[in-house]
Amino acid sequence: QDEGKWDFVLVSDIHEVGSEKEMKRKKFLDELRNKGFTIKKIKDEKLFYGLRAPSQIFQKYQWLLRNPESRKKNPDVHHDIPVTTRIRIVDFILQNTETPDLKEKLKDLVKKNVFEDSFPLHEKGEVREFLKQKWARWRGLCHHQPIEKIRCYFGEKVALYFAWLGWYTRLLGIAAVAGLLVFVSGITIFSSSQVSKEICEANDTIMCPLCDQKCPFWLLSDTCTYAKVTHVIDNAGTVLFAMFMAIWATVFLELWKRQRATVVTDWDLYRWDEEEEELALALINDLQHKPQKYQHSYFHSTIVLLLVLVMIAVLIGIAHALVIYRVVATALFTQSHFELLHEHANMVAMMTGAVLHYITIVIMTKVNRKVALFLCDLEKPRTLSQHENNFTVKIFTFQFFTHFSSLIYIAFFLGRINGHPGNYVRIAGKWRLEECHPSGCITDLFIQMAIIMVLKQTISNVFEYLTPWIRHKLSKKNQCPKKRSMMLGEEAEDPCKKQWLKNYRLRGVNTFSLFDEFLEMVIQYSFTTIFVAAFPLAPLLAFCNNVFEIQLDAMKMMRLHRRMVPRKAKDIGIWLQVLEAIGILAVIGNGLVIAITSDFIPVQVYKYTYSPCMMENSTGMDCSIGYINHSLSVFHVQDFEPHTKVPETLPGFPEPKIKECRYRDYRNADDYSYTVQFWHIFAARLAFLILFEHVALCVKLIAAWYIPDVPKSVKNTFQERKHHNLYKRLSKMEYSTDV
């Protein structure tokens, strides 16, 4: 065994001799010595304790978890154990060693400041140098990832993360190209859409004021550019793209299952049992260990469920607060003396609301983490993997509502619950709810998603990388005086001290460091699939982000962060179920966006029911002619609420006094009740939603059936192994019978 190598380092403040903390530290280290650990102490700005586990521990591990057949064949053979396995075993023993008197574990001692931290070391070696030079550099951008070497250095869990991220990014390229084509095709009809043409030519269509005080009547043609932009997004290609993304999400997951099966078979982990491994480590640490029984408490589950619902209610309440902000901001901006704010009050309120939404995401992410951890502690999970699964489900649920509550409001409620002129729905009886543009609400959703995705992916990545990078550079700068003093002839440092200090000054990691990377990508996957019908550029943004994300993660792990404790894994865990759930939500979400948010259904109903094409010969005629006039209702100015102050005329308009104005809805002009057209469109929306979701889900099921989860090569490998083992057993039996 190499005497210069150490498995782990414990860090402690320099406590006063004879103090309680010093005594607790001594007792814990004595327990480790009793287990055969070699401990080396180095004193600097802190106390550092290097730990090396005895070889007997690793022999026990190999004996317990080796293949039974190879154990019978070579009972005394001892092979070198991988460094990742050494670190994992030592970490388990460290975390589960207890002081003899108070039964305090390492995490308890860290909370009481007896120890500051513990970490494995980045050690020089062929694998690390290869990863630093070939992988964790910008020149490694878009190159094939060395998954096998990542596994050798960081363990299977990190290797599977990078394998999944690489696979996701590769297939995201296909979705990005498709989304870009849909967007570009929308741009080609920028000025040719009949609906946007009608809006641009509606120079005599007077629209109702957008607020109660000081807001003028306005001409529909004033929003010509906005209407053209809307129809870049809201066109027939959007429907096809939404269906394509539903199929893409299924194919991606099915192909990943195949890829994962191939990878873990190569690692001989396909049928690895995580529970057996944890029990083996527990017995190696303490031969008297008794396995914790499976338990379920309906009382605890009920309490946790109620607290989760309360937290979700809080997150929805925050979304309501953002709605109130936009409503109040719109009212204030329309009364502003600045012409830009006054003319574009709705747009400015929406964009500032999106930035505010991003800020709430940043803040609530920290709150959600603390709440999710508290709820997990209430459940008292039996194992680390169970704890991670419980935490994953809760934090994803909270993050989903944090990110999407406001988007759900914009997509499905904005402009649909605000009432109508003369009878508006108001907040606190004062501020009117927002309205949609006459060409639809889908542009609002597009802008909101674009701002959040761009801010989240750029700012988050910049801070995620720059914070540890700046800290690393500052720590290196602080080391310069010590290097100069050594050059002047002072006593040479212990090489271990230099290495341990260098690792200590890197950014700390914990059990959830890799979890954070997964969570970031899964939230991104949600943006890429759930509302992609409103934002076809989402896959392109995600693809560009991921190309850099892979390199940033590699550089962080290799150069700026301490070494993660390697974890064994045969899949990406419960994240796969989360991704499958997102796939189903994507079908529902996109179906709702097309049916409710988009103007696709109202236009189709008009074309095939009310358009001129249904009344006369339609040869060479665009059947959407007259749609805008058909989709606007008439309001009599005399029916405005008493406190509403509107001008009697419109500057530059020939009519001396305005008696009527138009607004987006399907209502009768006499009593403002819904027209027959409204109910026709409502029925068509419902029918389309049912049809779209059933077709999309059927296609997903067919794709899942068509692409087997496990490749035939993997099945054949296991079949050959079974056959070989059975043949050997039968041969041995016949040989013993003959003798």
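Helices here are DSSP runs of H or I with at least four residues, numbered from the N terminus. Under that convention, Leu305 is found in helix H13, which spans residues 298-334. The structure is a predicted model, and the values in this report are to be read with that in mind.

## Overall picture

The secondary structure of the chain comes to 25 helices and twelve strands, and its C-alpha atoms fill a box of roughly 105 × 75 × 55 Å along the principal axes. Of the 739 residues of the chain, 50% count as buried. Among contacts between residues at least 6 apart in sequence, 79% join residues at least 24 apart. The chain exposes about 37,100 Å², and carbon and sulfur atoms supply 61% of that area.

## Helix H4

Helix H4 covers residues 83-96, and its 14 residues reach 20 Å from the first C-alpha to the last, close to the 20 Å expected at 1.5 Å a residue. Eleven of these 14 residues are buried, so H4 is largely enclosed by the rest of the structure. The buried set includes the charged residues Arg86, Arg88 and Asp91, and Ile87, Ile89, Val90, Phe92, Ile93 and Leu94 are also among its members.

## Aromatic pairs

The structure holds 41 aromatic pairs. In one of them, the rings of Trp164 and Phe518 have their centres 5.6 Å apart and their planes at 45 degrees; this angle falls between the limits of 30 and 60 degrees, so the pair counts as tilted. Because Trp164 lies in helix H8 (residues 156-188) and Phe518 in helix H19 (residues 513-529), the pair ties together parts that are 354 residues apart in sequence. Trp164 and Phe518 are buried.

Another pair, that of Tyr606 and Tyr627, is edge-to-face, with 5.8 Å centre to centre and 70 degrees between the planes. Tyr606 belongs to helix H22 (residues 600-610) and Tyr627 to helix H23 (residues 627-631), and this pair links distant parts of the chain that are 21 residues apart. Both tyrosines, Tyr606 and Tyr627, are buried.

Trp164 and Phe518 also take part in a cluster linked by ring pairs, whose other members are Trp135, Tyr161, Phe162, Tyr168, Trp248, Phe252, Phe391, Phe515, Tyr525 and Trp575.

## Individual residues

| Residue | Relative accessible area | Class |
|---|---|---|
| Ser406 | 1% | buried |
| Ile658 | 4% | buried |
| Asn113 | 44% | partly exposed |
| Leu305 | 51% | exposed |
| Lys380 | 60% | exposed |

Ser406 lies in helix H16, residues 384-412, and its relative accessibility of 1% is under the 20% cut-off, so Ser406 counts as buried. Leaving aside residues up to four places away in sequence, Ser406 touches Ala319, Leu322, Arg326, His357 and Gln448.

Asn113 is placed in the loop between helix H5 (106-111) and strand S4 (117-119), while Lys380 is placed in the loop between helix H15 (345-379) and H16. With a relative accessible area of 44%, Asn113 is partly exposed, whereas Lys380, at 60% relative accessibility, counts as exposed.

Leu305, in helix H13, has a relative accessible area of 51%, which is over the 50% cut-off, so Leu305 is exposed. The C-alpha atoms of Leu305 and Leu375 are separated by 9.3 Å, although these two residues are 70 residues apart along the chain.

Ile658 is found in the loop between strand S11 (632-636) and strand S12 (660-664), and it is buried, with a relative accessible area of 4%. Ile658 and Gly583 are 75 residues apart in sequence, and their C-alpha atoms are 51 Å apart in space.

Notes: Residues numbered from 1 in each chain as written. Predicted model: local features only at pLDDT ≥ 70, side-chain atom pairs only at ≥ 80, totals over all residues. Heavy atoms only, no water. Helix = DSSP H or I, 4+ residues; strand = E, 2+ residues; numbered from the N terminus. Buried < 20%, exposed > 50% of the residue type's maximum accessible area, 1.4 Å probe, protein only. Contact = heavy atoms within 4.5 Å. Areas by Shrake-Rupley, 256 points an atom, 1.4 Å probe, with all protein chains shown as cover. Expected span 1.5 Å × (residues − 1). Phe/Tyr/Trp six-rings, centres within 6.5 Å; stacked < 30°, edge-to-face > 60°.
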